[in-house]
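Here is a friendly walk through the contacts that hold this model together. Please keep the viewer open as you read.

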Amino acid sequence: MPKVLITGNEALAEAAVRAGCRRYFGYPITPQNEIPEFMARRLPEIGGTFIQAESELAAINMVYGAAAVGERAMTSSSSPGISLMQEALSFMAASELPAVIVNMQRGGPGLGNISPSQADYFQAVKGGGHGDYKLLVYAPSTIQEIVDLTVLAFDKADEYRNPVMILGDGVLGQMMEPVELPDITPKTVDKPWALTGAKGRPGKVIRSLFMLPGEDGALERQNYKMKAKYDRMCEHEVLCEMVQTDDAEIVLVAFGTSARIAKTAVHLARVEGIKAGLIRPITLFPFPEKIIAEIAGRAERFLVVEMNLGQMVEDVRLAVNGKAPVAFYGRPGGAVLAVDDILSAIHNCVHGKEPEKIYTGSE
Amino acid sequence: MSTPTQETPLTLKALTHKPVHLTGGHRMCSGCGAPTIVRQVLMAIDEPVVIANATGCLEVSTCLFPYTAWQVPWMHSAFENAAATASGIETMYRSLRKQGKLKKEMKFIAFGGDGGTYDIGFQALSGAMERGHQLLYICYDNGAYMNTGIQRSSATPFGADTTTQPVGSKIQGKTQRRKDLTRIMAAHNVAYAAQASPHNWKDLMTKVRKALATNGPAYMGVVSPCNRGWRSQTNDSILLSRLAVDTCYWPLYEVQDGKWTINYDPKDRKKPITEWLKPQGRFKHLFAPGNEALLARFQELVDQDWESLRKLQEMSKS
């Protein structure tokens, strides 16, 4: 298959189209404007719908509406815009509606900046809105992976009847790489719950409100039903890449853009004779905790690398559960990591007397 | 009424002695209408003034931390919140006055582009106007989301080419007509609502003074040429704002105490809309063969709005 050179944002949009997404609702925010602009041109060509909403609140609630009728729907935004969408994401998870939400993260908090960041990890994986719910979260680290995971995201959203998030960042959205765009026949999933018109059949209800008279305990039951779904995701959906972890004494854990940089640092450490390895979670929820726990049994130490002040490191520590020291190196506020700094952090960890001390870089 | 005793006369001679509260060195594009508008607004005011600014070109380009072009207190919150932030500041001011902790008369202004005003900030704006805060909301209206790359807004004119309603085989630019926000604000029965243009600085500054002299909320929509989004010459901004008025695309008018007043009526000198459209690349396709009907439709929309504005003026004459 011939490869095309394309930005991450455009690759994602085209992959969504090929995965059968015909309804896109969006609102401009840097650094993901190429997605709505691409969809504005592409969807009318194939009988799809592009709507530019008047706000992120409106965009995500349009997705809510389209998902309720069983359509493959998507929206995309960047950090501040994703914050505005949290209410509807909680509603959609409670109503068990499939959709794909893209977050090309930028530096925060607040208006922050437009540099790439990974500071929305907590918001993405812990249920950013109110209530007990989870999104299935994919963290691509190459443009090809953006394409593949976007297709997968639509399938998994339908399979689990749950919103799925693709957590990228400004680097992944803006940079170009050669990719193969797959020719696929989108999976058609039977959606007996979809609101398709009640002519000749009883009406259906999609709701997140469970307080009608005579349905005591309904909301608790709904929460247990959703929990069972999240447990199934943990059982079947974990994706993770491992680089030279078999004999690794120091194991780095990183996702997305920082994993690309960490991978180079691991190779350089190997050249120096340091037995380094890398675990790259591809799903952030479900988290590859069993894999990390297993490696914790044989690795001497862990180093978690993120473009934030330490978020995923908490999940790594829970998985390692005290079996090995877990250090952290990261930079917040849209600062991109440098290979040399990660390598220094590896040296610090291997030779330092306090391996758990946070390495703060050389500002 | 709170008109100061010694108002600076609105003459060029007097105004040259006033300090400029939005200094040079900001990063707005050359030829942008917004900083010219802001300077005219701030020059019109003699009292201390506090600014709330919505996210947008004006905000990101005038306050690149640690630098600021603003010589007055200035606050930015998020995209949708300028009117709410200004409401909070003004409420605190009234409370401090009541407590006797503040003696000075102060003025409160919120600036937003058309994205932050017509669209995402509309709810907060409507709320602030209805509650009746003593603030003036000014929208510099360049008719698209220029800051994020020229996406359409509900202020984008009919037929304009934007990155999210691009001209192609299916559509010829924006298919809808623009939202008339000044009339929507007038329908809130605010103390003062007006449209202005930077080419007529005296009219604009008089309106700012009238708006701030009222005991209630005020709104001003100001047309703000953007050479990036309009695809026009950088030195044509003032010309294009004048043509917007002369073609009656952007009539200068005000609404006060239910009375509608057109401040400039070109009468038989009203220019065809093509004179405003022609210098702008975003309307180039409208002049292509086959699009004559779209051009005629644009003129029709302008004529409809202008006629209904004249009727409103006529009806509210007492």
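Contact here means heavy atoms within 4.5 Å. By that rule, B:S153 touches B:D114, B:D119, B:G143, B:A144, B:Y145 and B:K174, with residues up to four places away in sequence not counted. The serine is found in the loop between β4 (136-141) and α7 (181-186) of chain B; helices (H or I, at least four residues) and strands (E, at least two) are DSSP runs, numbered from the N terminus.

Is B:S153 buried or exposed? B:S153 counts as buried because its relative accessibility is 0%; buried means under 20% relative accessible area, exposed over 50%, and partly exposed in between (1.4 Å probe, protein chains only). The side chain of B:S153 also reaches the backbone nitrogen of B:A155, at 2.9 Å.

## How to read the model

This is a predicted model, in which local features need pLDDT of at least 70 and side-chain atom pairs count only at pLDDT 80 or more, while totals for chains, interfaces and linings use all residues. Residues are numbered from 1 along each chain as its sequence is written, chains are lettered from A and ligands numbered from 1 in the order in which they are written, and side-chain values use heavy atoms, with hydrogens and water left out.

## Where the two chains meet

The size of an interface is often given as the accessible area lost when the parts come together. Between chain B and chain A the buried area (accessible area, 1.4 Å probe, that two parts lose on being put together, summed over both) is about 1300 Å², and carbon and sulfur atoms give 60% of that. On the chain B side, B:I120, B:T148 and B:T164 lose the most area to chain A, together 32% of what that side buries.

In residue terms, 18 residues of chain B are in contact with 19 residues of chain A. Salt bridges (a side-chain nitrogen of Lys or Arg within 4 Å of a carboxyl oxygen of Asp or Glu) number 0 between chain B and chain A. Polar contacts are present, with 6 residue pairs across this interface, both residues at pLDDT 80 or more. A polar contact is a pair of N or O atoms within 3.5 Å; within protein, one must be able to donate a hydrogen and the other to accept it, and residues adjacent in sequence count only if both atoms are side-chain atoms. The side of chain B that touches chain A has 5 nonpolar, 8 polar and 5 charged residues. In these classes, Ala, Val, Leu, Ile, Met, Phe, Trp, Tyr, Cys and Pro count as nonpolar, Asp, Glu, Lys and Arg as charged, and the others, Gly among them, as polar.

## Two domains in chain A

Chain A is assigned domain 1 (4-179) and domain 2 (241-359); such bounds come from an automatic or database domain assignment. Taken over C-alpha atoms, the domain centres are 27 Å apart. Between them the two domains bury about 2100 Å², 54% of it on carbon and sulfur atoms. A:Q118, A:Y121 and A:F122 supply 33% of the area that domain 1 buries against domain 2, more than any other three residues.

Here 30 residues of domain 1 are in contact with 25 residues of domain 2. The domain interface has 3 salt bridges and 18 residue pairs in polar contact, both residues at pLDDT 80 or more. By class, the side of domain 1 that touches domain 2 has 16 nonpolar, 8 polar and 6 charged residues.

Over all chains, the whole structure has 40 salt bridges. One of them joins A:D183 to A:R18, with the closest N and O atoms 3.5 Å apart. A:D183 lies in the loop between β8 (176-179) and α9 (218-236) of chain A and A:R18 in helix α1 (residues 8-18), so this pair ties together parts 165 residues apart in sequence. A:D183 is exposed, at 71% relative accessible area, whereas A:R18 is partly exposed at 24%.

A:E96 and A:K225 meet in another salt bridge (2.7 Å, N to O). A:E96 sits in the loop between α5 (86-94) and β5 (99-105), and A:K225 in helix α9, 129 residues apart. A:E96 counts as buried at 5% relative accessibility, and A:K225 is partly exposed at 45%. In chain B, the side chains of B:D161 and B:R231 form a salt bridge (2.8 Å, N to O).
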